[in-house]
Amino acid sequence: MRRSHVVALLCLVALLIYPVINPWQPYPQGVMLMMFLLAIQATSWNIISGYAGYISLGHSMFLGLGSYTAAIIALHTGVNPLWVAPLGGVTAVIVAVLAGAVVLRTRGHAFVIITIALLLSAQIVATNWDSLTNGSDGITLELPFWSADFQNIPFYYAFLLLLVLTVLFSAWIARTKFGTGLVAIREDEGKAAAIGVNTTVLKILAYAASSFFIGVAGGVYAYYQTFLNPVGSFAILGSVLIVLAALVGGRGTLYGPVIGAFIVSLVNEGATVYGGNSQTRVLIMGLILVLVVLFLPAGLLPSLSAAWRRRHPVEVSFTDQVGALSHNTAVVRSRLPVSSDRPGPLLEVRGVSKRFGGLVAVDGADLVVERGSITALIGPNGSGKTTLFNLITGAMPLDSGTITFNGKRIEKLPPWTRGHLGLGRTFQVTRLFKDMTVLQNVVAPQPDGKLRTMLADAVSGAEAARARDLLDVVGLGALAQQKAGSLSYGQQKLVELAQVLMLAPELVLLDEPAGGVNPSLLGRLTEVIRELNRDGVTFLVVEHNIPLVLSLCDPVNVFARGKCISSGPPARIREDPLVLDAYLGDDWRADAHA
Ligand SMILES: Nc1ncnc2c1ncn2[C@@H]1O[C@H](COP(=O)(O)OP(=O)(O)OP(=O)(O)O)[C@@H](O)[C@H]1O
């Protein structure tokens, strides 16, 4: 069991017995339950804003929605708000899904601003929907049904229980491929889409997941307060405290938001008691925010663990990478879709064009990739090869033309659906998720859109085992636990190949696979490509290393000014005067070697 979990468990035991050994202390209990409430919110917020990187500054809206749901039901039916608190979570999820479907189309600052607008809109609705919410007069609820002797102890345990559930929920998400997909979205959304992560669905699910426990806590909070009004329930300061808590403790970590919430709640309480007036409290919170951003940008927990790692560096074992390359490519074959007996080419590009302003990068290009081939695409710098890759994989929309993959028109499909159909790619400049470990990078791809796949364990189990096997195929099994950002460029290229193989692709587009890879390793890499090809994987390779292309690929397509000028077996291509003039130059003329 990890040390952090042991410490968390000990803290939980201490918090559980605190009211038992110290029952006549309503003030500290009140302060602590507010700490729990903020920790529930910060841990939930962390799912959309920490894991997925979409910063919400209006998250306290869900607390208000939960409070109003429970309070309105209690007001109109007489049921105790505590029993209907889970319905507060349901309301929060419904609003998150509906709002998320719209607001998650935006990114960065736009998303932050829209979340604030949502919070303020909720306040306006609560103020003006008199018949349901009593408007600005607010709703007064009955006092707790238990004896005054118990003080706030039932609330203390209710919030503590919700906090434990929220942390467990967040920990579970982090372990799944859903969680890895969220981190992938945070680090590079375009790349995430290219490896089959349905970014639209994952973001909406994350937003909904980040709202549920806040909504439930809102229901309990309404009963605790016994009074709620629109201004108090949908206050922007509540959202600021959530963000501050997660930033102080460490965004994107499991326990950081909890630790941050405890610290921020205590400071908030201290500022309220000793600060004199509410302005002082806001000033103190503002100062902390500035200090954290300046001196602890990563938050407390990540800074502490970085300091620990500096003092206790991990032994890095430098492996004989060439020797470590495994030729057991059966692991790839085991999941390949069986379509090799279908008639027709695997990929057919017809009349595809793409303009960037006045520049025609791809100009009515045609390209055919036969099933089972290792097809090359070569051509001068800037001739449009990478742009064509982007159009084939859906990284950017095309202006005109058609793309058919395995008999199916794909030019209008989103990138992740193309990935699910068996289209994988690597990038010219590697785009690994640098904050993830090598293993997490390879587990991250989602070969289909099924919920079962998304919720599969990413840390252990079948998916992780397959990822380890694929790392062995490229010879990097020993580096599974290293951060991807710490690998050499050539190693990153190999990890990216393992990553794309996780999709069980029928066609892999390799964008300059030889760039930055040392010559001896390159020899073995081409062997692995050949083996994978024998196992049924088709390749389309963009490469400037002409000897490699001529020995590995057949046919070879030559691109110039956005279209294919020649196509055929390597022997013919190196003789083609058009190709010699446009790209290869005089050194490759047959008489030059005579
Ligand atoms: N996103 C973009 N916005 C504007 N122009 C672009 C964009 N992407 C590519 N281009 C332009 O399109 C042309 C084709 O670029 P592309 O990267 O496809 O060429 P390439 O054949 O892959 O070149 P290289 O061999 O150097 O990688 C270039 O002139 C490039 O500047």
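Biologist: How many Å separate the centres of domain 1 and domain 2?

Modeller: This is a predicted model, in which local features need pLDDT of at least 70, side-chain atom pairs count only at pLDDT 80 or more, and totals for chains, interfaces and linings use all residues. Residues are numbered from 1 along each chain as its sequence is written. The protein chain is divided into domain 1 (36–240) and domain 2 (323–593), with bounds that come from an automatic or database domain assignment. Taken over C-alpha atoms, the centres of domain 1 and domain 2 are separated by 43 Å.

Biologist: Which element gives the most to the side of domain 1 that touches domain 2?

Modeller: Two residues are in contact if their C-beta atoms, placed from the backbone, lie within 7 Å, and the contact between the domains takes 19 residues from domain 1 and 30 residues from domain 2. Helices (DSSP runs of H or I, at least four residues) and strands (runs of E, at least two) are numbered from the N terminus, and the elements giving two or more residues to this side of domain 1 are α8 (177–187) and α9 (189–194). With eight residues, the element that gives the most is α8.

Biologist: By class, how many charged residues has the side of domain 1 that touches domain 2?

Modeller: Ala, Val, Leu, Ile, Met, Phe, Trp, Tyr, Cys and Pro count as nonpolar, Asp, Glu, Lys and Arg as charged, and the others, Gly among them, as polar. On that side of domain 1 there are seven nonpolar and seven polar residues, and the number of charged residues is five.

Biologist: Which element of the protein chain has the lowest mean pLDDT?

Modeller: The predictor's confidence in each residue, from 0 to 100, is the pLDDT, and for the protein chain its mean is 87, with 92% of the residues reaching 70 or more. Where pLDDT is low, the predicted coordinates should not be read in detail. Strand β6 (residues 400–405) has the highest mean among the elements, 96, while the lowest, 54, belongs to helix α16 (residues 321–324).

Biologist: What percentage of the residues of the protein chain count as buried?

Modeller: The protein chain has 27 helices and 12 strands, and its C-alpha atoms fill a box of roughly 100 × 55 × 45 Å along the principal axes. A residue is buried if 20 or more other C-beta atoms, placed from the backbone, lie within 10 Å of its own, exposed if 12 or fewer do, and partly exposed in between. Of the 594 residues, the share that counts as buried is 47%.

Biologist: Which element gives the most to the shell around the ligand?

Modeller: A residue is near a molecule if its C-beta atom, placed from the backbone, lies within 6 Å of it, and the residues that surround the ligand include Phe-356, Leu-359, Asn-381, Lys-385 and Gln-428. By class, the shell has three nonpolar, eight polar and one charged residues. At least two shell residues come from each of β4 (359–369) and α18 (385–393), and the element that gives the most, with three residues, is α18.

Biologist: In the open sheet of four strands, which are the edge strands?

Modeller: Two strands pair if DSSP finds at least two bridges between them, and the order here is β4-β3-β6-β7, with antiparallel pairing. Strand β3 (residues 347–356) and β6 pair over five bridges, where Ser-353 stands opposite Ser-400 and Val-349 has Ile-403 as its bridge partner. Each edge strand pairs on one side only, and these strands are β4 and β7 (408–409).

Biologist: Which residue in the turn between β6 and β7 has a positive phi?

Modeller: Two bridges join β6 to β7, and in β7 the bridge partner of Phe-405 is Lys-408. The two strands form a hairpin with two residues between them, and the turn residue with a positive phi, of about 55°, is Asn-406.
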